[in-house]
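This report describes a two-chain model for a reader who works with coordinates and wants the cut-offs stated alongside the values. Please keep the sequence and the structure in view while reading.

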Amino acid sequence: MEHLRPVATGGPDEGTPVAPDLADLLRSAGRGDQQAFAQLYDATCSRVVGLAVRVVRDPAQAEEVAQEAFLEIWRTASRYDPDRGSPLSWLMTITHRKAVDRVRSAEAATRRDQGYHHQNQPVPHDVTAEAAHASLEAHRVRHALQSLTPVQRQALELAYFGGYTHTEVASMLDLPVGTAKTRIRDGLIRLRDTMGVGS
Amino acid sequence: MSDDIHALSGAYAVDALDDIERAQFERHLAGCETCREEVASLQEASALLAETTMTPPGADLRDRVLAQIATVRPLPPVVPVGTDAPDGPGTKAAPRSAPDAGTSTGSTSAPGTRRLRTLLVAAAAVVAVGVGGTVVAQQPWADDDTSQAPRLSAVERIQQASDVQTFRHRFPDGAEAVLYRSASLNEAVVVTSDMGPAPEGKVFQAWLQHDDTMVSAGLMPEGPDNVVPLEGDPATADGFGITVEPAGGSVVPSETPVLVVQFADA
């Protein structure tokens with residue numbers, strides 16, 4: 001993906017082919033450096049927008065969510081603590097929370113009437129699946145997901161991409177109440193260990 | 001129960017808890033190192049899922065985002081807003097050293113915990129200021145209290161308690177908040193004057209800190225001048241804070257406190 005390459009390739013300096021260090025960019029952004037934030041945006045916008053679209057579905061609303069997330073990231077950049085996780089994890093946690101808040105408040109406003117059929121509906125972002133497949137990391141993640149049991153994977157995807165609570169997930173998957181949270185946790189642990197993150 | 005709450009770590013990491021469960025779990029997180037570490041690691045894992053959904057944004061999003069952030073000031077690291085002692089030893093609390101202050105124990109990226117710790121760190125900073133003599137002003141009531149009138153107001157009753165503590169805080173804009181606390185009465189009251197309104201759609205919320213947990217002490221009414229008795233147990237609390245929260249208040253503090261005082265060293 002082009003945005004994973006160094007953004008400052010036009011720079012007249014050393015031109016070292018190193019992707020920008022997101023933690024450094026966050027630190028600079030926290031000091032008000034808009035240039036650094038623009039680099040951070042370029043390096044992460046496809047992930048942020050992609051997650052927002054996946055959860056919120058409506059592209060226009062998803063962009064609003066992405067914009068909210070970036071604003072929050074800008075405002076709170078100085079509070080990012082590298083000792084407590086990777087920059088990407090921090091960014092995606094913020095984005096995901098914004099996206100989930102959006103779908104839940106929309107749901108509260110108009111109780112979702114399309115039921116659970118969405119699982120069988122075509123997903124609008126499929127047009128970009130090509131791009132996602134091109135990512136080696138995405139390939140590894142997809143592969144790692146195959147190591148989950150089907151129920152773990154479904155529960156995790158409904159929670160993370162669907163924005164449903166574990167109680168709703170239990171009901172959707174006909175699991176006993178209280179079981180879905182365990183499936184979600186087990187699935188995440190297996191994903192974590194397979195991918196070797198978050199030691 | 002304890003086992004149950006540990007098991008929520010995964011659901012928490014993917015925002016699959018309802019509001020009440022989330023608040024409960026965040027309280028639990030504040031005191032559970034194991035869960036903080038697990039949540040952090042599971043958030044690393046869940047963030048990987050976003051790798052599979054990358055979507056290039058519309059062409060104008062970048063411009064909109066960059067235009068918007070240009071108009072918004074980044075929040076300061078962890079220094080309490082409105083502390084009126086520029087030379088106080090606590091106001092310079094370095095953001096990166098802050099996690100070692102207060103009650104921090106290890107790592108998490110749970111936003112709620114981060115906020116809570118920010119509040120606690122802020123509290124520590126203000127304590128240091130207080131030691132410098134500008135915020136904390138303990139005021140043992142000199143007069144004997146045998147002449148208590150039968151019908152004292154709550155604030156008078158607290159003010160005249162033999163063990164009253166007074167914490168006075170003046171904000172940069174001239175507003176003032178004074179907290180009177182009596183441990184023997186288990187009562188505390190905040191008296192505000194010239195307080196500006198909370199931002200649109202927000203309220204000021206009062207908190208009592210018990211160990212690592214912030215417990216709501218009620219919402220502050222609108223208006224510049226108020227006398228607000230605190231809910232809860234001021235006698236056993238370790239500190240007090242005011243935050244800005246969405247209308248209706250929050251179960252756990254979600255924003256930088258505008259005022260924090262620590263009782264312990266008073």
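## A strand pairing in chain B

B:Leu179 has B:Val190, in strand 3 of chain B, as its bridge partner. Strand 2 (residues 176-182) of chain B and strand 3 (residues 187-193) of chain B pair in the antiparallel sense over seven bridges, where two strands are said to pair if DSSP finds at least two bridges between them. Strands (E, at least two residues) and helices (H or I, at least four) are DSSP runs, numbered from the N terminus.

The open sheet of chain B consists of four strands in the order 1-2-3-6, and the pairing is antiparallel. Its edges are strand 1 (165-170) and strand 6 (226-229) of chain B, each of which pairs on one side only. From one strand to the next, the twist averages 15°, with axes taken as lines fitted to C-alpha atoms and angles running from 0 to 180 degrees between N-to-C directions.

## Basis of the model

This is a predicted model, in which local features need pLDDT of at least 70 and side-chain atom pairs count only at pLDDT 80 or more, while totals for chains, interfaces and linings use all residues. Residues are numbered from 1 along each chain as its sequence is written, and chains are lettered from A and ligands numbered from 1 in the order in which they are written.

## The two chains

Chain A has nine helices and zero strands, whereas chain B has seven helices and eight strands. Of the 199 residues of chain A, 42% count as buried, and of the 266 residues of chain B, 46% do; a residue is buried if 20 or more other C-beta atoms, placed from the backbone, lie within 10 Å of its own.

Two residues are in contact if their C-beta atoms, placed from the backbone, lie within 7 Å. Among contacts with a separation of 6 or more, residues 24 or more positions apart account for 59% in chain A and for 63% in chain B.

## The interface

At the interface, 64 residues of chain A are in contact with 51 residues of chain B. Helix 2 of chain A gives the largest share of the side of chain A that touches chain B, namely 12 residues.

By class, this side of chain A has 30 nonpolar, 20 polar and 14 charged residues, with Ala, Val, Leu, Ile, Met, Phe, Trp, Tyr, Cys and Pro counted as nonpolar, Asp, Glu, Lys and Arg as charged, and the others, Gly among them, as polar.

Key. A residue is buried if 20 or more other C-beta atoms lie within 10 Å of its own, exposed if 12 or fewer, and partly exposed in between; C-beta atoms are placed from the backbone.
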